[in-house]
Amino acid sequence: MTTIPIRRARFLLVLAALLLTLASTPSAPAGASTVSPAGVAGGFGPSSRGAEVVAASQVADRQVDLSVRSPALGGRTVNVRLLTPDGWDPDDRSRHWPTLWLLHGCCGDYTSWTSRTDVARTDSLRDVLVVMPEAGWNGWYSDWWNYGQGDDPAWETFHTKELRLLLEHDWGASRNRVVAGLSMGGQGALMYAARHPGMFKAAAAYSGSVHPLLNDESVNRIMGFFAGEGNDPLKVWGDPVAQRDIWTAHDPFHLAKRLRSIPVYLSCGDGTTGPLDPPGTTSALEADFNRQNQALASELERQGAKHVTTHFYGPGTHGWAYWQRELHSSLPMLLHALRADG
């Protein structure tokens with residue numbers, strides 16, 4: 001991967017995109033138009049929205065990584081991977097693409113979806129801009145409480161305000177969006193859809209942490225994740241009793257009423273050995289998340305949600321083979337929501 005400084009970005013990325021296109025794209029038939037992301041440099045420069053792209057890298061066909069400096073993250077620079085649609089050109093400010101946000105799980109990063117699944121080879125996504133943002137090893141798609149002393153890191157603000165506006169203004173994203181995620185990212189997908197009404201037209205969660213307040217086991221498990229990498233677990237949402245209002249505000253079960261108007265897809269295994277697992281593999285984490293998803297599905301029904309699809313497939317653990325399958329299973333619903341308005 002080559003990182004491109006701002007002052008050299010336009011020339012080098014145009015050249016790289018042209019060479020990549022010539023090497024990987026068959027000759028176009030007469031009358032056809034072959035388009036590469038030659039305008040990738042168009043998004044560079046300070047943004048009135050605070051965040052700014054400081055470098056861009058074309059890492060593969062249709063894959064562009066942006067390095068974004070974020071005030072919400074204390075001025076740190078983090079990466080966002082774009083899987084770009086055919087014909088994408090951010091220099092063309094007249095065209096904006098329907099957008100699928102794909103959120104990674106705990107212990108993953110912005111490269112997880114392209115490195116662990118076939119998303120980059122999925123034909124139904126060739127007319128969609130897929131956004132895969134960094135969310136921290138265990139950032140939990142949240143503006144951290146930090147004992148009330150400030151919310152750095154503020155992952156939710158970075159994603160839903162800074163990055164959203166930056167992509168719409170400079171990188172060809174439209175306001176027509178859907179969101180999906182796995183595990184921690186499944187919680188993030190539902191939480192963002194609920195906490196920001198109208199931002200996403202549909203949401204999908206695969207093996208998601210969707211009701212961390214279900215019981216003591218669920219609370220203790222997520223606190224264990226919060227403590228990862230030597231972190232103070234109380235910095236994220238505070239104490240689950242003393243700061244219960246913060247916990248409920250980040251628990252999709254307690255936000256179910258806000259999800260009842262959009263299509264929602266929930267899937268999870270039960271933690272026992274499934275058809276895509278090595279023999280003898282089990283997962284207490286998946287079993288916990290299965291109970292959480294069952295509880296959320298029941299709450300959505302109680303709240304009158306009309307467009308909920310569940311796939312509680314029984315045997316299966318917490319792994320990528322299942323998440324790739326569930327992405328494909330949910331794509332018809334997600335893409336229908338994107339294209340419903342024509």
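**Note on the cores and aromatic pairs**

1. The model is a predicted one. Of its 342 residues, 56% count as buried.

2. Secondary structure: the protein has nine helices and ten strands. Among contacts with a separation of 6 or more, 72% are between residues 24 or more positions apart.

3. The largest nonpolar core holds 62 residues. Leu-66, Leu-82, Trp-101, Phe-158, Leu-167 and Leu-190 touch the most other members. Helix 4, residues 184-195, gives the most to this core, with seven residues.

4. Leu-167 deserves a look. Neighbours within four places in sequence aside, Leu-167 contacts Leu-66, Leu-82, Trp-101, Val-131, Gly-172 and Ala-173. Leu-66, Leu-82 and Trp-101 are also listed with Leu-167 among the core residues that touch the most other members.

5. Aromatic pairs number 15. Take Trp-88 and Trp-171: their ring centres are 6.4 Å apart and their planes lie at 20 degrees, so the pair is stacked. This pair links distant parts of the chain, 83 residues apart. Trp-88 is in the loop between strand 4 (76-83) and strand 5 (97-103). Trp-171 is in the loop between helix 3 (155-170) and strand 7 (173-182). Buried means under 20% relative accessible area. Trp-88, at 1%, is therefore buried, and so is Trp-171, at 0%.

6. Which geometry do the rings of Trp-237 and Trp-247 adopt, stacked or edge-to-face? Their centres are 5.1 Å apart and the planes are at 80 degrees, so the pair is edge-to-face. Trp-237 belongs to helix 6 (residues 234-237) and Trp-247 to helix 7 (residues 244-249). The pair therefore ties together parts that are ten residues apart in sequence. Trp-237 counts as buried at 0% relative accessibility. Trp-247 is likewise buried, at 0%.

7. One aromatic cluster is made up of Trp-113, Tyr-206, Tyr-265, Trp-320 and Trp-323.

8. The charged end of Arg-325 sits over the ring of Tyr-313, at 4.5 Å from the ring centre.

Methods:
Residues numbered from 1 in each chain as written. Predicted model: local features only at pLDDT ≥ 70, side-chain atom pairs only at ≥ 80, totals over all residues. Heavy atoms only, no water. Core = buried A, V, L, I, M, F, W, Y, C linked by side-chain atoms within 4.5 Å. Buried < 20%, exposed > 50% of the residue type's maximum accessible area, 1.4 Å probe, protein only. Helix = DSSP H or I, 4+ residues; strand = E, 2+ residues; numbered from the N terminus. Contact = heavy atoms within 4.5 Å. Phe/Tyr/Trp six-rings, centres within 6.5 Å; stacked < 30°, edge-to-face > 60°. Lys NZ or Arg CZ within 6 Å of the ring centre and 35° of its normal.
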